[in-house]
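Please keep the viewer open and follow the selections below in order. Each stop names what to select and then states what is found there.

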Amino acid sequence: MTLNRAQSSVRRVGIHPALFVVLLVIAAAVGAFITHNLPYGSKTLTYSYGTATVTGEEGSGVVTIDKEGNIPLPSDIPWVDRGGRAISGGRPECLKGNGDEQVSDVRVEVGYLWVRLPDGKGSYPMVGWLRCL
């Protein structure tokens, strides 16, 4: 009596190298998108032009952005003077008045970021950088 050899049912599946590269690029793009949108780490500022108004000695005021409207201006932010010198904080020279004198309509470039409220039910813009023009 002879026994029949068992037939092998194993099939090899191959993937074309070009398809592998395409899948790898798609995975990298999805990973980059997710990483960029995580709520942790540094965020890129949005830059725009506008006019700044400062009220009082504290140096706080408002920046009116050409496309966004009014954004509160804190008194202590990093800024660049008209000569291109970077300053780490304080009140920009172009926004200094005499004592309590209000300084208004100073042309500036501003970097700002939309900040989400903790409850997730709103957001507001926050100035993070300013350059006197």
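Two strands pair if DSSP finds at least two bridges between them. Helices (H or I, at least four residues) and strands (E, at least two) are DSSP runs, numbered from the N terminus. The model is predicted, so local features need pLDDT of at least 70 and side-chain atom pairs count only at pLDDT 80 or more, while totals for chains, interfaces and linings use all residues. Residues are numbered from 1 along each chain as its sequence is written, and side-chain values use heavy atoms, with hydrogens and water left out.

**Stop 1: the strands.** Next, select the open sheet of 7 strands, whose order is S3-S2-S1-S6-S7-S4-S5, with mixed pairing. S3 and strand S5 (86–87) stand at the edges with a single partner strand each, so one side of each is left without a neighbour in the sheet. Then select strand S4 (residues 79–80) together with S7: the two run parallel and are joined by 2 bridges. Here Trp79 stands opposite Leu130 in S7.

**Stop 2: the core.** Which residues have the most contacts inside the largest nonpolar core? Select Val63, Leu73, Leu95, Val127 and Leu130, which hold that place in a core of 18 residues. Strands S1 (46–54), S2 (61–65), S3 (69–73), S6 (103–116) and S7 (123–132) are the elements that give two or more residues to this core, and S6 gives the most, with 5 residues. A nonpolar core is a set of buried Ala, Val, Leu, Ile, Met, Phe, Trp, Tyr and Cys residues joined through side-chain atoms within 4.5 Å; buried means under 20% relative accessible area, exposed over 50%, and partly exposed in between (1.4 Å probe, protein chains only).

Now centre on Val127. Leaving aside neighbours within four places in sequence, Val127 is in contact (heavy atoms within 4.5 Å) with residues including Val63, Ile71, Leu73, Ile77, Val110 and Tyr112.

**Stop 3: the aromatic pair.** Finally, select Tyr47 and Trp129, which form an edge-to-face pair, 5.4 Å centre to centre with 80 degrees between the planes. Rings of Phe, Tyr and Trp (its six-membered ring) pair if their centres lie within 6.5 Å; planes under 30 degrees apart count as stacked, over 60 as edge-to-face and the rest as tilted. Tyr47 lies in strand S1 and Trp129 in strand S7, so the pair ties together parts that are 82 residues apart in sequence. Tyr47 is partly exposed, at 47% relative accessible area, whereas Trp129 is buried, at 18%.
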